[in-house]
Each structure stands twice: as C-alpha cells, then as structure tokens.
Amino acid sequence: MCGIVGYIGNKKAEPILLEGLTKLEYRGYDSAGLTILENENFKTLKNKGRVKELAQITNPENLAGTIGIAHTRWATHGKPASVNSHPHNDNSNHFSVVHNGIIENYHELRKFLGEHGYRFLSETDTEVIPNLIHYYFSEGNDVSKFGFLKAVKKATEDLTGSFAIGVLSVDFPDVMIVVRKDSPLVIGKGDGENFISSDIPAYLGFTRDFYLLKDYEFAILSKNTIEFYDNKLKPIQKEVTKINWDATSAEKNGYEDFMLKEIYEQPTAIRETIGNHLCSDGSLQFDELNFSKEFLSQIQKIYIVACGTAMHAGLSAKTMLENICEINTEVDVASEFRYRNPLINKNTLCIFITQSGETADTIAALKLAKAKGAITLAISNVEGSSITREADFVTYTHAGPEIAVASTKAYTSQITLLAILVMHFAEILGKNSEILADMKKSILELPAKAEQLLSDFSEIKDFAHEVYSSKDVFFLGRGLDYNSAVEGSLKLKEISYIHSEAFYSGELKHGPIALIEKDTLVVSTLTVEDLLEKSISNIQEVITRGAKTLVVTDKELAHSNFTKMIKIPETNKFLTPILSIIPLQIFAYYISKEKGLDVDKPRNLAKSVTVE
Ligand code: M6R
C-alpha cells in the first residue's frame, strides 16, 4: 500500500523525507519519489525501485529546501514506472501532491479537466488532484493561503473513493495542506518543525506528539503552527495524542502483535481491494483481464486451487460461481490437485489463490494446469511474485504486507476480490442481474461494517479467558457458514495449539457427535437463512450432551441457550463469510494470548511455504 511523508521546518527536508519513506517500506511499494520546495520552485524526483535508489538520485542534487513531501507507491493505476510515481504536479508546476488511496471517478475527472485544457503525463488516478486544485485556485479570487485551502477542499469534493493527500504550492512556500478520507494520515508536531505520514512509526524518532485526522478534516501546517478545519472549513481544535510506544511496538503501529494489527487493518485492506474494480456508481472493471462474453462462455468448468486459508477463500468463491455465474466449480488443495491427474482441457479455467505468490504446491499446480491446456488466473497479494510470472492472467488483492503467519486480512481481501470477480463474470455473461445490484451495494458497505465489528471485542476476549484451557474445540456450519467454521478452526489450531476440527453440521450424527461430552467447546456460525432451523437443531444436539457453545450470527435470535452469542452486522448472504470470520480470528488470537504463546510466529510454521 502506498505511503506518504512530509516535512516542514528549519532543517533540510530531503534526508528527513527519505528516512520517513524507509520506515514505511514495510507497507510494500514499487517506486518512490519526493518534491522539495526551494526558491519558490519544485524539485520533483522520482524513480521506479527502492528508496535507496531514490536517494542515489536526490543526494547529488544538494537539495537545500526545508519543506517537502514524499511517497512510496504500490501500483494500482498504471504500471510501476517513474512517470507514474508520486508526487504528481499540475501542468503549470504550481501544485505538487502525494496521494494514498484510489480515485474511482478519475476517468470522468480527466475528461472534465481535458475539456479545460489540462493534459496528463501519467496513467494514474492521482494526477487529476493537482490539476483540479489548480483549476479551482485559478477560478477563485482568494489568493491568500485560505484560497489555497478552499481550492484543495473544492478538489476533494469532486473526488469519489479514498484519499490521504499532502499538497504543496509554489505560491505558498511556507505551508503544506493535508486532508484525508478513508486512507490513513497523521500529523507529527515538533518544535519549529512538523511532519505528516501514513502512520505514526515513520516519525516516532522525531516526535511523540501526534494529531490523528478524521475523515474530511483539513490541516494547514507551517513550521511553527498547525491549523485544523472541519469539512466546512470552520476552524477546529484537536487534541494531541502522546505516543509512548517503544521501537518494537512502533513497527506494529502500537498493536501488541502483527496479527492483531492485521486483523484491525481489514477494513482498509477490503477497501483497497475493492479499489477501482467496483466503483461507487456500480461499474465493474478488470482491465488486466479483458475477458469477453465469447471467452467466458467457452468455460465449462472452473477449478479453484490453493493451500490453507487461501483455499478456504476459494470455498466461498465456489458457492458464488455456481449460484451466480452458473458455472460448475471445484475447489482443491494444491498438493492434491497436482498429483491427481485432474480432468482439464482448453475449456477449463483454473484460478490459483496465494497471498504470497510463492507457495510451492500452488505454483506447481498452476504449471500442471497450464501444461494440460487450461486457462490460468492467479490471485496474489504480492506484485511480481513467482506465480504472477507463470499465470496467463493475474489480478491482485491489496491487503498490504501480511507479516503474521496466521493469515487474516489476506483472507478477507481474497473473498472480497473473488466476489467482485464473480460479479464481473456474471455481468459479462448476462446472468442473475438482480443478485448483482444488492451485492454491489453490500460490498461497498463492507469496510464500514468490518470497522463496526472491530470497534468492541471485550466480550470475545472475556470468553477466550473462560475457555482457553479447552483440550478440543469443534467448529460447525452449513453452506457458507462451513467455510468460516473451517477457517476459524485453522486459525485456532495454528496459533493456540488446541486440537480443533470443523464439521458440516449435518455430518454430526454420522460420527463426530461421539466426541461431544460435558464442557466440550463447540463454535458455530449461523448466518445462512435457509438453513437456520436445521443449524440451530444441530447446536441443540451438542448442548443436550453438555457442550459449551459460542455462536456467531447476524440474526436476531430472541431466546437462545448458547453459552456466548456474538452478533455481526448483516450483509448480502454471499458476503457474510467476510464478516463472520472476524470474531473467530479475534477469538483464536485471545486464546493464544491467554496461553502466553507467540501469536505471530507459531511453532513449526512458516509464513510462506516455498517447499513441497
Ligand atoms: O501464501 P499463500 O496464500 O499461498 O499461503 C497458503 C497457506 O500456507 C496459508 O494460507 C496458511 O494456511 C496460513 N498460515 C493460515 O493462516
């Protein structure tokens, strides 16, 4: 994910910006750049590659300016290339902008600006921002710094999507303006100097005092002052937040562990993954795939192949592909698929899901499918990873780097992307348009619902405290709920070392119920409306045999005798697994913490399984 930093003060800005960018490297990026404002001119230097390569370009320039903005870019619109890197300046080089987020309506804004004589150098969505600011500043008659602020505000009013932006103007060499909506941005307050960054750790070596901007709050920074404004440009006061983190927790953005940080990053990861594939006007696009109706109509069978959590994401995609696109779909673990001589021909589409893009079995399965003549599509979270170089087609989740071994945000981003992909296929094929309208609306609401879900987890933490010494835990579910059961069970076993298994609820009586005795913990997700009564009956069967029950549901269940019930927000039925897994991730996390284990690096496991 992109990262932003900025500096205004008495010192040379360039080394401070490069240091900030280096601290943001963990977010993942493919290019970097900066703008220094000196002698009322911009020096904008950018480069595809690492921050240290950017330094090789900037260092010999002897940049003396004491105000600047800088950026690490993770390509979304336009390939990784110097011309697409940030900062982006307007045509007349009056405004320079760094941006994190996605401008969904950039096509129409480009058209509008084009009609007013603006030209674009890059393929990015961002380049519309400095030009819009220029347009509104030239249109207005307020040439004070407040006029600059008004132009930034007017420009942001035209933007649909997400953004955190830092703006410089050659006409106002003593100030920097920032604003955010749905993308992170913090302001560090120093003594005679101020900083902006995408996260707190970037400048924790310089200050411990931070202001946390809310959506549509603006700030004008000078070296000695920070003025805040609300969305109507009314001045507001903001409280400074004192940060007392040590260096290690700073890397984790204040969270105790990477896993917890990544669980909390899910609303952002989902939002970034939706990105430009699904715009708020409901239009769907996958430029990287370019599939026609003729092409998709020839597909008779889809295989989804992956390992572990990525395979579980595939289970939800199967339900969607069969029900919405009406294409026969099978899900397989890569280590089986590659050795079972699957029935493949040129009318088979094989989708390979892998967060890292480096999983040996998944890569081998892809090579086999390709050799047998299948069409191959890879879904990865890592640009340029091995699998992306092998597949016929590639599309990416934008979850940002996942460090904890237990996959969380990659999983919810994978289902999000798969859901959008399924809708794209269905739209091209002209299938089930009535389902699509609700799904589109519901996907766009998902980040906010995930945020709501994450706002208070005290109940589940307390429940984890009660049951952490369990020896066995069973997970039950029917239909899509089974997918959350199997993924919840994997999360629990891998980080808590508690024996846990997932069963289809309907299979209980065919054997597993023999394992249930007094105080056995049984976890269930109850969201599939059509199967609700049956699923509740299955839970009653284990309660009768003395089991303790944890139930995750989006339904109003007035009278229940469950030991603990966790309510999640309602969404479109196909998307429920994206929300229902979150309490189960948190549950596994707190059980592991109660047991005093290393949550991020569970025993015997590696983040990326690059050997068979
Ligand atoms: O990088 P990949 O998505 O290919 O990894 C696949 C599995 O190894 C991975 O999802 C694993 O199951 C996770 N540790 C589960 O949390």
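**View 1. The largest pocket lies between domain 1 and domain 2.** In this predicted model, domain 1 (3–251) and domain 2 (275–454) both give residues to the lining of the largest pocket, so the pocket lies between them. Its space comes to about 1200 Å³. The lining counts 44 residues. Nearest the pocket centre are Arg180, Pro184, Thr268, Arg271 and Glu451. Several elements each supply at least two lining residues: strands β7 (161–169) and β8 (176–181), and helices α7 (258–264), α8 (266–274) and α15 (433–454). By class, 20 lining residues are nonpolar, 10 are polar and 14 are charged.

**View 2. The protein is divided into three domains**. Domain 1 covers 3–251, domain 2 covers 275–454 and domain 3 covers 458–594. The centres of domain 1 and domain 3, taken over C-alpha atoms, are separated by 45 Å.

**View 3. Eight strands form an open antiparallel sheet**. The strand order is β3-β2-β4-β1-β10-β9-β11-β15. Strands β3 (41–48) and β15 (241–242) are the edges, and each pairs on one side only. Within the sheet, β1 (residues 3–8) runs antiparallel to β4 (residues 67–73), and six bridges join the two. Isoleucine 8 stands opposite isoleucine 67 of β4. Strands of a sheet pair through backbone hydrogen bonds.

**View 4. A second open sheet has seven strands**. Its order is β5-β6-β7-β8-β12-β13-β14, and the pairing is antiparallel. The edge strands are β5 (88–89) and β14 (235–236). Each has a single partner strand, so one side of each is left without a neighbour in the sheet. Two bridges pair β5 with β6 (residues 95–103) in the antiparallel sense. Here asparagine 89 stands opposite serine 96 in β6. Helix α4 (residues 128–139) packs on this sheet and touches β5, β6 and β7. The direction of α4 makes about 125° with that of β6. Two of these strands, β7 and β8, also each supply at least two residues to the lining of the largest pocket.

**View 5. The largest cavity has a volume of about 60 Å³**. A search of the whole structure finds two cavities of 30 Å³ or more. The largest cavity is lined by Cys2, Arg73, Trp74, Thr76, His77, His86, His99, Gly101, Thr124, Asp125 and Thr126. Seven of these lining residues class as polar, two as nonpolar and two as charged.

**View 6. A cis peptide bond joins histidine 86 and proline 87**. Omega is about -5° at this bond. Proline 87 sits in the loop between β4 and β5. His86 also belongs to the lining of the largest cavity.

**View 7. Leucine 233 has a positive phi**. The angle is near 65°, in a residue other than glycine. Leucine 233 is placed in the loop between β13 (226–229) and β14. Most residues other than glycine have a negative phi, and most peptide bonds are trans.

Notes:
Residues are numbered from 1 along each chain as its sequence is written. This is a predicted model: local features need pLDDT of at least 70, side-chain atom pairs count only at pLDDT 80 or more; totals for chains, interfaces and linings use all residues. Side-chain values use heavy atoms; hydrogens and water are left out. Two strands pair if DSSP finds at least two bridges between them. Helices (H or I, at least four residues) and strands (E, at least two) are DSSP runs, numbered from the N terminus. Domain bounds come from an automatic or database domain assignment. On a 1 Å grid over the protein atoms alone, a cavity is a set of points where a 1.4 Å probe fits but cannot get out, and a pocket is an open set with protein on both sides within 12 Å along at least five of seven lines; lining residues have an atom within 4 Å of a point. Grid points are joined across faces, edges and corners, and a volume is the space filled by probe spheres set on the points. Ala, Val, Leu, Ile, Met, Phe, Trp, Tyr, Cys and Pro count as nonpolar, Asp, Glu, Lys and Arg as charged, and the others, Gly among them, as polar. Contact means heavy atoms within 4.5 Å. Axes are lines fitted to C-alpha atoms, for helices over the stretch in contact, and angles run from 0 to 180 degrees between N-to-C directions.
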